[in-house]
Amino acid sequence: MKIWVDADACPVVIKDILFRAAQRKKIALTLVANQYVRVPPSPYIKSMQVSAGFDEADNEIVRLCEAGDLVITADIPLAADAIKKGALALNPRGELYTEASIGERLNMRDFMDTMRSSGVQTGGPPALSQRDRQAFANELDRWLAKV
C-alpha cells in the first residue's frame, strides 16, 4: 500500500502530517506535482515532478495508483478516477471520498463550475482550520491502522 499526494495544491501542514506518518509507519509516500517539491530525507518519502500542463500530475497519480492505495487530493475528478481503480481518496480537510459520495461531489463540482462560467462569484473554500487538520489526521490514522 502506498500514499499518493496531489502536491501542487496540498497545504504544507497536511504534507507535514503525511511526512511524519510515512516515517512512523514506514509506508511509501509520493508527492506528485508540476514543480519541484522538497521532501525530508527518508527512504519512504519521495517527490515526483511531472511536466507542466493541465492535469499532468493527476494523470500520473491515476496511472500509478493501485487498489488499496490512498490518494490525497481536493480534486474531485482525480478522486473519482482513483476510486475507479480501487484506491481510496481523502481530501486535506479529512473527507474520505467513497463510491457512494463521489457521484454527488462530481455533480456539485460541475454545477459550481457552470455557475462560475456564467459569471457568478462563488468564492473559494475557507482556510484550513485546526478541526480540518484533526479530521485529516484521524482519517489517515484509520487508514494506516488497516494497512
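Residues are numbered from 1 along each chain as its sequence is written, and side-chain values use heavy atoms, with hydrogens and water left out. Because the model is predicted, local features need pLDDT of at least 70 and side-chain atom pairs count only at pLDDT 80 or more, whereas totals for chains, interfaces and linings use all residues.

The chain contains 5 helices and 6 strands, where helices (H or I, at least four residues) and strands (E, at least two) are DSSP runs numbered from the N terminus. Their order along the sequence is β-α-β-β-α-β-α-β-β-α-α. The radius of gyration is 15 Å, close to the 15 Å that the globule rule gives for 147 residues, so the chain is as compact as a globular protein of that length. The radius is taken over C-alpha atoms, and the globule rule is 2.2 Å times the number of residues to the power 0.38. Along the principal axes, the C-alpha atoms fill a box of roughly 50 × 30 × 30 Å.

Of the 147 residues in the chain, 38% are buried. Buried means under 20% relative accessible area, exposed over 50%, and partly exposed in between (1.4 Å probe, protein chains only). The accessible surface of the chain comes to about 8500 Å², and carbon and sulfur atoms contribute 52% of that area. Accessible areas come from the Shrake-Rupley method with a 1.4 Å probe; for residues, only the protein chains shown count as cover. Among contacts (heavy atoms within 4.5 Å) with a separation of 6 or more, 49% are made by residues 24 or more positions apart.

The chain carries 19 positive and 19 negative charges, whose mean positions are 8 Å apart. In this count Lys and Arg are positive and Asp and Glu negative, while His and the chain ends are not counted. Each charge is placed at NZ of Lys, CZ of Arg, CG of Asp or CD of Glu.

Side chains of opposite charge can pair when their charged atoms come close. With a salt bridge defined as a side-chain nitrogen of Lys or Arg within 4 Å of a carboxyl oxygen of Asp or Glu, the count comes to 5 salt bridges. One of these joins Arg-63 to Glu-60, with the closest N and O atoms 2.8 Å apart. Both residues lie in helix α2 (residues 56-64), 3 residues apart, about one turn of the helix. Arg-63 is exposed, at a relative accessible area of 56%, whereas Glu-60 is buried, at 18%.

Another salt bridge is formed by Asp-81 and Lys-84, with a closest N to O distance of 3.9 Å. These two residues are 3 residues apart in helix α3 (residues 76-84), or about one helical turn. Asp-81 is partly exposed, with a relative accessible area of 32%, and Lys-84 is exposed, with 70%.

Asp-132 and Arg-93 also form a salt bridge, at 2.7 Å from N to O. This pair links distant parts of the chain: Asp-132 belongs to helix α5 (residues 130-146), and Arg-93 to the loop between β5 (88-90) and β6 (96-97), 39 residues apart. Asp-132 is buried, with a relative accessible area of 14%; Arg-93 is partly exposed, with 28%.

Lys-15, in helix α1 (residues 12-25), is buried yet has no salt bridge. The nearest side chain of opposite charge to Lys-15 is that of Asp-8, 7.5 Å away. Apart from neighbours within four places in sequence, the contacts of Lys-15 are Ala-7, Cys-10, Leu-31 and Val-37.

Ala-79 lies in helix α3 and is buried, with a relative accessible area of 0%. With neighbours within four places in sequence set aside, Ala-79 is in contact with Thr-73, Ala-89, Tyr-97 and Ile-102. The C-alpha atoms of Ala-79 and Leu-90 are 7.8 Å apart, with a sequence separation of 11 residues.

Most residues other than glycine have a negative phi. Lys-26, however, has a positive phi near 55°; this residue is in the loop between α1 and β2 (28-33) and is exposed, with a relative accessible area of 56%. Asp-55 likewise has a positive phi, near 65°. Asp-55 is located in the loop between β3 (45-49) and α2 and is partly exposed, with a relative accessible area of 30%.
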